[in-house]
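Have the sequence at hand as you read.

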Amino acid sequence: MSTQTLPSPLAQPSFAELFTPKLVTVFREGYSFANFRSDLMAGLTVAIVALPLSMAIAIGSHATPAQGLYTSIVGGFVVSLLSGSRFQIGGPAGAFIVLVAATVQQHGMDGLILATILSGIMLMAIGYLRLGTYIKFIPYPVTVGFTAGIAVTIFSSEIKPLLGLSFSGAEPGPLLEKIPFLWSKLSTLSPAAVGLSLTSIVLLAGLRFWRPRWPAMLIVVALAALATVALKLPVETIGSQFGGIPRDLPLPALPHLSLEKIQAVLPNAISFALLGAIESLLSAVVADSMTGRRHRSNCELVGQGVANVASGLFGGVCVTGTVARTATNVRAGARSPVSGMAHALFLLLFILVAAPLASYIPLAVLAAVLAVVCWNMFERDAFATLLRASRGDAAVLLATFGITLFRGLTEAIVVGFALGSVLFIHRMSQTTALETHVPLVAEDDVPDDESREAYDETSGQDPSVVVYRISGAFFFGAAASIGAVLERIGDAHRNLIIDFSAVPFVDSTGAKTIEGLAHKAAQRGVGVTLTGMSEGVRRELAAQGARRPLVNKAPSIDQALAEIRSKGST
């Protein structure tokens, strides 16, 4: 007879399995011309959506529309080339607008590009260290809260172009200062800009409802540009504000480097890396849920990191996976990462052929596009559901939302994650229970026969023995309460049995609690027996000192009771 050893399901995947891009996987599986044709059409569809959105997000971030397109072209191509997801579409994201704008104001455009490159290096390190799995543990109320806060902040930054306000200098950054300032400038309102932005929002909403498959953003932007030229509307355009869009890609170049500059932009780079990891993995998860596929999270982060470095070298801004464009890619029939690469090449074709036409696009219509993006970003149903779900979830949600609005995104994520962790620990500690085990009758109903043992009058509860059964994870959140109960052992009890058969996990704090209890029990002459331990629980307890001769061990409560009785009878 021959035997075959199968790989363990718990074996760690190899480096190649973790970091092979999905593009390589697709080609290994076989890539047909029909697949290429589907990817090409999906790429064109996504490019039509990405064209106005890339420029709008860049302008909202205090960058140029050309930089938004460079980000989608260079960063988007690299994301798809190296992605751990088959359907990920990379580009500038609305979630970065607040951070990017603040970085430009603090450190200038060179500082933004340097922070983008540094964040790319950090993302590569996070991926290669295999930390991508832990990014998924950010609590849901935190993601909803800071996404809603970002949406409100972005919308407040678009009030000026939406209303066509005119004033010299920059508007205040903090929300509580910005709103009164913009209110004081309301007399400079432009009726043409207001009419154009409101009409654009109505058209975007109408097309989404009546013709959801049409490229609503591109149609509305094109119509607004035609109306501006035909009616000679007195509104600001890309041409009047930025001088148009270059008809080629810039050559790659490093920004000014110095130790002082790196130290100055390092906090911004950390924020970019953290938000980029969250946003890209969220987008990949959305694609997985739509297609039934599975992405490689660490490979995805490495690809995002390389894309950010490439985007920065070509003068672009932060690039990440984008939920809306990735979902559009899936719905358009994409089969592989080739669709994302095609989307980048179609955008490059636009720059080479039709860049001069972008000069006529009014800023009011791009602000309207961002206003609709903000409306979609603010997950109203999820926000309302979490407010009703529990006081803990509501507290985490509102704290994250408020800190995002009035302090900043980085602080909001840190505080929200900390509050979410405390809430989780509290809930986990409540699931850990301690009960007294009283063996009243046998667990199984055994029929009377000759093999049945005679009645043992000592099988009832022994008053000198107390049995406790712990159920649930015994970790630091529950150790204090469980330890306090276990320490209340009366002088009448000479033996304590603690059953771990319903404990899946013990951490060092829980194990140290048992070790300390055993020492106190030994001082009072009370014997401690541990039963029902899994191998992992046994190792952790032993590592913290809860081992023989301090404690006794038995496979089950019944065997522990039998050993205690046998010792008592001798």
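**Charged pairs and a distant contact**

R538 is partly exposed, with a relative accessible area of 31%; here, buried means under 20% relative accessible area, exposed over 50%, and partly exposed in between, using a 1.4 Å probe and protein chains only. Before going further, please keep in mind that this is a predicted model, in which local features need pLDDT of at least 70 and side-chain atom pairs count only at pLDDT 80 or more, while totals for chains, interfaces and linings use all residues. Residues are numbered from 1 along each chain as its sequence is written, and side-chain values use heavy atoms, with hydrogens and water left out.

Which residue does R538 pair with? R538 forms a salt bridge with E535, and their closest N and O atoms are 2.6 Å apart. A salt bridge here is a side-chain nitrogen of Lys or Arg within 4 Å of a carboxyl oxygen of Asp or Glu. Side chains of opposite charge can pair when their charged atoms come close. R538 and E535 sit three residues apart in helix α23 (residues 535–543), so about one helical turn separates them. Helices (H or I, at least four residues) and strands (E, at least two) are DSSP runs, numbered from the N terminus.

E535 is partly exposed as well, with a relative accessible area of 44%. E535 also forms a salt bridge with R539, where the closest N and O atoms are 3.6 Å apart. R539 and E535 are four residues apart in helix α23, so they too are separated by about one helical turn. Through salt bridges that share partners, E535, R538 and R539 are joined into one network.

How many salt bridges does the structure hold? There are five. One of them brings together the side chains of R469 and D499, at 3.1 Å from N to O. This pair links distant parts of the chain: R469 belongs to strand β4 (residues 465–471) and D499 to strand β5 (residues 495–502), 30 residues apart. D499 is buried, at a relative accessible area of 3%.

Now turn to helix α10 (residues 191–210), where you will find I201. I201 is partly exposed, with a relative accessible area of 28%. Leaving aside residues up to four places away in sequence, I201 touches A368 and A371; contact means heavy atoms within 4.5 Å. I201 and A371 are 170 residues apart in sequence, yet 7.9 Å apart in space, C-alpha to C-alpha.
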